Amino acid sequence: MDDQSRSKRNRPPSMYDVARLAGVSQTTVSFVVNNVTSAAISQETRDRVWAAIHALGWRPNAMARSLRTRHSQTLGLISDEVVTSPYAVRIILGAQEAAWAGQQMLLVVNTSGQRDIEQTALQFMLERRVEGLMYAAMYHHEVTPPPELTQAPVVLVNCFVADRSLPAIVPDEVQGGYTATEALIRRGHRRIAFINEIIPMPALFGRLEGYRQALAAYGLPFDPALVQSCHSNAHDAFAAALALLERDDRPTAIFCFNDKMAMGAYDAIKRLGLRIPHDVAVIGFDNLELIAAQLYPPLTTVELPHYEMGRRAVELLQTLPAGESLPPVQHYLPCPLIERESI
């Protein structure tokens with residue numbers, strides 16, 4: 001067998017091969033594949049074309065089709081560390097399921113915060129004519145995305161730009177703080193402590209504001225002595241909780257900035273021979289299943305709406321007419337209470 005014959009035998013099937021097997025023109029094959037209803041092609045011919053496609057295993061060139069139709073049926077998601085984070089991976093799950101429901105594929109790139117990877121990923125997606133882009137962050141904070149991001153319809157997920165010039169979907173941190181504090185108040189607690197993060201970020205300010213608003217709504221005074229700030233880990237939260245619980249007028253409930261800090265509060269409460277929730281109630285934030293559901297007693301917490309943020313981002317892009325961009329609306333999604341046994 002000569003090299004030319006071997007090359008023909010090994011090459012993938014083409015539209016020409018489909019047309020030849022079905023006994024039609026390549027134009028007819030194109031009309032059938034692209035479901036051009038205005039073309040006068042009988043059902044018998046359409047069936048013959050599809051039979052040839054399946055027999056040969058031919059796949060249309062998606063890039064060429066997107067150039068013709070201006071629809072690539074693909075969305076892109078660029079993240080810093082969402083893929084590797086147990087906290088935020090549900091952003092991808094929500095986006096992927098919404099994309100699939102709309103018969104779209106989702107391209108995902110995790111950049112690990114490296115600008116060169118981010119630029120390459122963005123260029124890759126733009127060249128493949130994605131119909132929309134999501135720019136996602138592991139935690140809620142301000143970002144400075146590359147300017148090329150706006151070459152396609154875009155929505156920010158779990159992040160925002162300083163001037164709010166791009167549409168964004170973020171958790172409602174104030175509502176989450178309010179919900180956590182209100183849950184404790186409704187259990188009869190009046191001295192409620194708050195162990196907050198120490199590094200400035202939207203969640204720090206938002207959850208503290210929600211805490212204060214809930215106290216005010218129920219006629220309870222805000223006592224700065226009941227607010228401790230520390231780094232977001234169990235070790236530092238343990239020390240903060242001890243300082244609160246060793247007061248003569250100790251709190252009967254502790255709201256923790258996140259579930260990791262609630263672990264430290266649990267240890268401090270047990271170190272002092274107190275019981276949860278009988279002597280001290282504890283509520284967390286995040287609903288990190290690896291922690292909240294495994295503590296004893298299981299931790300009541302407020303859930304960050306990661307899945308909903310991913311799903312909503314895709315749905316916003318799917319409703320957008322071709323060639324248009326989303327208005328720069330900032331969407332705040334509620335953080336629901338997940339009740340277990342710690343309050």
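## A buried charged pair

In this predicted model, Glu-173 is a buried residue, with a relative accessible area of 4%. Its partner in a salt bridge is Arg-207, and the N to O distance between the two side chains is 2.9 Å. Arg-207 also counts as buried, at 3% relative accessibility. Both values fall under the 20% limit that defines a buried residue.

Glu-173 belongs to helix 8 (residues 173-185), whereas Arg-207 belongs to helix 9 (residues 202-217), so their contact ties together parts that are 34 residues apart in sequence.

Arg-311 takes part in a salt bridge with Glu-308, in which the closest N and O atoms are 2.3 Å apart. The two residues lie in helix 13 (residues 306-318) and are separated by 3 residues, about one turn of the helix. Arg-311 is partly exposed at 22% relative accessibility, and Glu-308 is partly exposed at 32%.

Arg-311 also meets the side chain of Glu-315 in a salt bridge, at 2.7 Å from N to O. Glu-315 and Arg-311 are 4 residues apart in helix 13, again about one turn of the helix. With a relative accessible area of 29%, Glu-315 is partly exposed.

## A network and the total count

Salt bridges with shared partners join Arg-191, Asp-223, Arg-247 and Asp-249 into one network. The count for the model comes to 13 salt bridges.

## Division into domains

The protein chain is divided into domain 1 (15-60), domain 2 (74-171 + 306-334) and domain 3 (173-303). A distance of 37 Å separates the C-alpha centres of domain 1 and domain 2.

Note on methods
Residues numbered from 1 in each chain as written. Predicted model: local features only at pLDDT ≥ 70, side-chain atom pairs only at ≥ 80, totals over all residues. Heavy atoms only, no water. Domains from an automatic or database assignment. Salt bridge = Lys/Arg side-chain N within 4 Å of Asp/Glu carboxyl O. Buried < 20%, exposed > 50% of the residue type's maximum accessible area, 1.4 Å probe, protein only.
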